[in-house]
Amino acid sequence: MHRGYLYPLLLAWAIGSPSADAQPYPTKPIRLVIGSFPGGGIDLAGRIVAQRMSENVGQQVIVDNRGGANGIIGMEAVAKATPDGYTFYMGTAGHISVNPSIYLKLPFNVDTDFAPLTQVVSLPFLVYLHPSLPIKTFGDLVAHAKANPGALTWSSSGDGGLPHLTGELLRLASRIDTRRIPYKGSAAAFNDLLGGRVQYCIDAVSIGLAHVKAGRLLALATTGPKRLDILPAVPAVNETLPGVEVLNWYGTLMPAGASREVVNRLYREIAKALEHADVRAKLASHGFDVDGRAPEQFAAFRKSEQARWARVVKEAGIRQQ
């Protein structure tokens with residue numbers, strides 16, 4: 001998001017809540033629950049933001065990784081926390097907007113048990129390929145899969161996450177028959193890709209960029225609307241499949257029941273961290289695009305994303321759990 005967009009939001013929120021600074025905040029450490037295991041893209045982005053927040057507020061922002069169950073474990077912990085501005089959640093689009101379409105019974109209601117804070121970043125995925133295959137482009141991948149139905153395998157970081165749904169979307173759009181192998185987290189999925197035990201995967205730029213630069217993996221395409229500045233030679237999927245685009249995003253929530261003042265305080269600290277030049281540079285170097293939209297805007301966006309991915313879940317025939 002451009003700087004000119006974030007500053008007016010901060011000003012509007014400051015004006016809209018004149019008592020926001022009436023009490024000192026924070027007076028103790030803040031806990032950031034991340035709904036994934038260490039080592040993935042969201043863990044990287046969350047730690048970058050948490051470090052800057054710690055420096056800004058003079059209290060430690062402690063990262064608490066609660067991986068497993070596609071973010072459900074971490075979200076449940078935050079839903080049960082005190083809504084005082086000292087606990088918040090950072091999760092992927094899959095955790096926040098896809099899970100309600102995948103799981104018939106969640107231990108929380110995303111609409112009523114959380115207060116939206118902001119979208120932190122957006123990011124495209126890359127389609128990664130093990131270099132042992134005679135494939136050089138995304139078009140080659142589609143052609144190879146059509147010539148060898150059911151032969152290619154791909155990994156995803158769990159059931160129902162956006163890497164999984166993006167892989168299904170690409171499979172449906174290109175009309176190919178490939179087999180998905182689910183893993184518990186991006187790190188495990190990537191290890192088997194690097195070892196050649198699966199042939200391709202769809203995941204964050206941050207987790208595989210170093211492997212691409214070292215020649216251990218090929219980047220066939222980005223799922224975003226255009227080529228990435230950090231990988232200008234890698235085409236977008238929409239150059240082969242017009243109209244097919246996916247941007248993942250990481251968003252933040254806090255427990256429901258907080259006053260506007262408390263929501264405002266925590267949102268302002270996240271947004272302030274995102275405005276720091278060093279934070280923006282670090283995030284950009286890993287393929288993240290900073291956002292920082294206001295809570296009401298994020299709430300509306302989250303719901304629109306939930307509707308979009310519910311349609312993909314239905315079309316792909318993904319079994320609800």
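I call a residue buried under 20% relative accessible area, exposed over 50% and partly exposed in between, using a 1.4 Å probe and protein chains only.

**Ground rules.** This is a predicted model, so I keep local features to pLDDT of at least 70 and side-chain atom pairs to pLDDT 80 or more, while totals for chains, interfaces and linings use all residues. I count residues from 1 along each chain as its sequence is written, and my side-chain values use heavy atoms, with hydrogens and water left out.

**Salt bridges.** My criterion is a side-chain nitrogen of Lys or Arg within 4 Å of a carboxyl oxygen of Asp or Glu. Searching the whole structure, I get 15 of them.

I looked up K28 and found it bridged to D84, with the closest N and O atoms 4.0 Å apart. K28 sits in the loop between helix 1 (3-16) and strand 1 (30-34), and D84 in the loop between helix 3 (72-79) and strand 3 (87-92), so this pair ties together parts 56 residues apart in sequence. (Helices are DSSP runs of H or I with at least four residues, strands are E runs of at least two, and both are numbered from the N terminus.) K28 is partly exposed at 40%, and D84 is partly exposed too, at 26%.

Next I checked R197, which bridges to D192 at 2.8 Å between the closest N and O atoms. R197 is exposed at 53%, whereas D192 is buried at 18%.

R280 and E275 make another salt bridge, at 3.0 Å, and both residues are buried. I also noted that R31, D64 and R66 are joined into one network by salt bridges that share partners.

**Aromatic rings.** Here I pair rings of Phe, Tyr and Trp (its six-membered ring) with centres within 6.5 Å; planes under 30 degrees apart are stacked, over 60 edge-to-face, and the rest tilted. I find seven such pairs in the whole structure.

One of them is F108 with F114, edge-to-face at 5.5 Å centre to centre and 85 degrees between the planes. F108 is buried at 7% and F114 is buried at 5%.

Y250 and F288 have centres 5.8 Å apart and planes at 55 degrees, so I log the pair as tilted. Y250 is in strand 9 (residues 247-255) and F288 in the loop between helix 10 (277-285) and strand 10 (289-290), 38 residues apart. Y250 is buried at 3%, and F288 is buried at 5%.

I also have W249, F298 and F301 down as one aromatic cluster.

**Charges over rings.** I require NZ of Lys or CZ of Arg within 6 Å of the ring centre and within 35 degrees of the ring normal. The charged end of K28 sits over the ring of Y86, 4.7 Å from its centre. R293 has its charged end over the ring of F301, 4.6 Å from the centre.
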